[in-house]
Amino acid sequence: RALCTQLGIDLIVLKLNAPAHKNKEALWRKQRYQRISDHTPLMTHILLGHHENDQAETFLLNAMRGTGIDGLKAMGKTNTHNKRIYKRPFLSIQREKLQQYLINQKICWLDDPSNFDDTFKRNFIRQNIMPILEKKWPQASKTIARTASNLCLEDEELSKINQLRLWLKT
């Protein structure tokens, strides 16, 4: 709030309902998207703070769910939801580098307290699995995130090839 005030940026802070549901994360994500839609005009560009470590965690989380290629692509740099455009400009930057940049700029880093609750699957991966992988393979987050990115590129190329095939058929 202080930073937005200092920078002259409008800010709306809303509380999400704490559902008595086994998949709180999915419900909270749905509520966030809905609240953003409720308070922004159509086709608004919304920047999200997801970074490379989030991308690696999403890949692993989806792999553990047994997802297909769409899930393994993890998060795209751009996607549209409720006619709003969501962009993730930091997907190729590690969390530590973002945090160090903010510290150097004298901007406070804010962690959601729920990020420390490892009963949530993503947090379990973040706190327990990733440290083990990074101990053995220091570039684990970067490599896993690159795999997700490569799947996006391959899927885009496949899509273009399939479009060409359809066009040639007609």
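Visitor: What should I know before I start?
Guide: This is a predicted model, where local features need pLDDT of at least 70, side-chain atom pairs count only at pLDDT 80 or more, and totals for chains, interfaces and linings use all residues. Residues are numbered from 1 along each chain as its sequence is written, and side-chain values use heavy atoms, with hydrogens and water left out.

Visitor: How many salt bridges does the structure hold?
Guide: A salt bridge is a side-chain nitrogen of Lys or Arg within 4 Å of a carboxyl oxygen of Asp or Glu. By that definition, the number of salt bridges in the structure is six.

Visitor: Which residue forms a salt bridge with Asp54?
Guide: Asp54 lies in helix H3 (residues 52–65), and its partner sits 72 residues apart from it in helix H6 (residues 121–136). Helices are DSSP runs of H or I with at least four residues, numbered from the N terminus. The closest N and O atoms of the pair are 3.7 Å apart, and the partner is Arg126.

Visitor: Is Glu57 buried or exposed?
Guide: Buried means under 20% relative accessible area, exposed over 50% and partly exposed in between, using a 1.4 Å probe and protein chains only. Arg126 is partly exposed at 23%. Because its relative accessibility is 4%, Glu57 counts as buried.

Visitor: Which residues are linked in a network of salt bridges?
Guide: Asp54, a buried residue at 11% relative accessible area, belongs to this network. The linked residues are Asp54, Glu57, Arg122 and Arg126.

Visitor: At what angle do the axes of H3 and H6 cross?
Guide: Axes are lines fitted to C-alpha atoms, for helices over the stretch in contact, and angles run from 0 to 180 degrees between N-to-C directions. The two axes come within 10 Å, and their crossing angle is roughly 105 degrees.

Visitor: How many residues in the contact of H3 with H6 are charged?
Guide: Contact means heavy atoms within 4.5 Å, and among the residues that meet are Leu60 in H3 and Ile125 in H6. Asp, Glu, Lys and Arg count as charged, Ala, Val, Leu, Ile, Met, Phe, Trp, Tyr, Cys and Pro as nonpolar, and the others, Gly among them, as polar. The contact has six nonpolar and two polar residues, and the number of charged ones is six.

Conventions: Helix = DSSP H or I, 4+ residues; strand = E, 2+ residues; numbered from the N terminus.
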